Amino acid sequence: MEEKVLNKSKNGMAMLLFTLLFYAAGIAALIVGGITLDEFGSSSPAGIALFVVGMLIILLGWILFCGLKVLRPQEALVLTLFGKYIGTLKEEGFYWVNPFCSALNPAAETRLKQSGDVDGAGAGSASLQTNTGTGKKISLKVMTLNNSRQKINDCLGNPIEIGIAVMWRVTDTAKAVFNVDNYKEYLSLQCDSALRNIVRLYPYDVAENVDTTGDGQADEGSLRGSSELVAERIRGEIQNKVEKAGLEIIEARITYLAYAPEIAAVMLQRQQATAIIDARKMIVDGAVGMVEMALDRLSEKEVVTLDEERKAAMVSNLLVVLCGNRDAQPIVNSGTLY
């Protein structure tokens with residue numbers, strides 16, 4: 001289904017004035033016809049004709065009001081006539097269309113957790129709700145869908161919780177209305193599917209021997225360290241799936257990322273242990289360098305001559321002092337060095 005944009009003249013105000021005058025004429029005809037019948041009785045054809053015409057105008061003239069349509073900026077109206085798609089109004093203004101045309105928007109009563117489309121009660125998830133007061137206009141504005149958090153296993157099998165925000169808009173109203181049953185529900189489900197497909201390719205943190213790009217080479221991609229790349233892949237995946245619904249995915253962002261509660265404590269201990277090992281390694285590297293520098297300076301200045309046994313003792317003492325968790329308690333030797 002291809003979109004047809006209607007370039008109608010904005011004749012709504014003119015038709016509104018015409019309809020009001022038409023109603024006034026009908027009321028006048030009804031009054032004049034009633035007076036004529038009252039004076040000349042039912043034998044006056046003119047009185048009967050005026051009375052009947054006035055009554056028909058009053059009873060059926062309201063149909064003309066059904067053709068009046070008002071569009072604000074960034075709104076569209078998909079019109080059908082007896083089941084046939086005749087076009088879409090996209091430009092803001094006051095229009096009059098065929099009063100027998102019907103406006104279609106299958107997602108008009110659908111409520112998702114997104115900007116401009118949230119129930120006043122503020123739903124805590126992306127569950128669907130209904131509101132019978134919604135019109136049939138389709139918003140062309142950029143909207144943000146805050147998809148509910150999902151529990152997904154990463155490529156190493158670790159359960160994580162992740163949530164995304166998707167910025168999207170309708171670009172083809174005909175596809176959105178006729179190609180899918182409900183384009184908002186369709187978008188929400190495709191976001192869930194795309195998120196699972198992409199997240200399961202990455203580890204939560206950098207891991208060895210993991211190929212996240214599919215080129216056969218291990219890389220350092222991760223959900224925590226490559227969030228922008230992951231978000232872009234999610235956006236592309238969603239866009240491929242919603243193209244048939246006439247939607248454009250502008251951007252996707254990861255809004256929440258954490259280990260699942262059942263393994264969060266264990267993973268925190270693992271991260272702490274890794275951090276402690278890295279810190280100890282740095283301390284040892286620094287201490288060895290300082291000991292080496294101390295021995296070189298002592299030899300260079302010829303402050304004292306140490307044999308191998310004394311050097312080993314001195315190295316041991318310096319490493320204990322430099323690598324210890326507590327301050328050293330020195331013992332002053334007032335005698336000879338040996």
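## Salt bridges, a strand pair and a surface patch

Glu91 has a relative accessible area of 48%, so it counts as partly exposed. This is a predicted model. The side chain of Glu91 forms a salt bridge with that of Lys10, with N and O 3.1 Å apart. The pair links distant parts of the chain: Glu91 sits in the loop between strand 3 and strand 4, Lys10 in the segment before helix 1, 81 residues away. Lys10 is partly exposed as well, at 44% relative accessible area.

The structure holds nine salt bridges. Three of them are tabulated here, Glu91 with Lys10 among them.

| Glu3 | Lys90 | 3.0 Å |

Take Glu3 and Lys90, whose closest N and O atoms are 3.0 Å apart. Lys90 is partly exposed, with 25% relative accessible area.

Glu75 belongs to strand 2 and Lys137 to the loop between strand 5 and strand 6, so parts 62 residues apart in sequence are tied together. Glu75 is buried, at 11% relative accessible area. Lys137 is partly exposed, at 32%. Arg72 joins Glu75 and Lys137 in a network of salt bridges.

Lys137 also meets Asn105. The backbone oxygen of Lys137 is 3.0 Å from a polar side-chain atom of Asn105. Asn105 is in the loop between strand 5 (101-104) and strand 6 (138-139). Its relative accessibility is 6%, so Asn105 counts as buried. Beyond its neighbours within four places in sequence, Asn105 contacts Gly135, Lys136, Lys137, Ile138 and Tyr183.

Next, strand 5 itself. Strand 2 (residues 75-81) runs antiparallel to strand 5, and four bridges join them. Leu79 stands opposite Ala103 in strand 5. In a regular strand, side chains alternate between the two faces of the sheet. In strand 5, Cys101 and Ala103 make up the covered face, while Ser102 and Leu104 make up the uncovered one.

Last, the surface patch. Ile48, Phe51, Val52, Met55, Leu56, Leu59 and Leu60 form a nonpolar patch on the surface, and together they have about 570 Å² of accessible area. Leu60 is in helix 2 (residues 45-60). Leu60 counts as partly exposed because its relative accessibility is 48%.

Note on methods. Residues numbered from 1 in each chain as written. Predicted model: local features only at pLDDT ≥ 70, side-chain atom pairs only at ≥ 80, totals over all residues. Heavy atoms only, no water. Helix = DSSP H or I, 4+ residues; strand = E, 2+ residues; numbered from the N terminus. Buried < 20%, exposed > 50% of the residue type's maximum accessible area, 1.4 Å probe, protein only. Polar contact = N/O pair within 3.5 Å; in protein donor to acceptor, adjacent residues only side chain to side chain. Contact = heavy atoms within 4.5 Å. Patch = residues over 30% accessible without salt bridge, like charges linked within 9 Å, V, L, I, M, F, W, Y side chains within 5 Å. Areas by Shrake-Rupley, 256 points an atom, 1.4 Å probe, with all protein chains shown as cover. Salt bridge = Lys/Arg side-chain N within 4 Å of Asp/Glu carboxyl O. Pairing = 2+ DSSP bridges.
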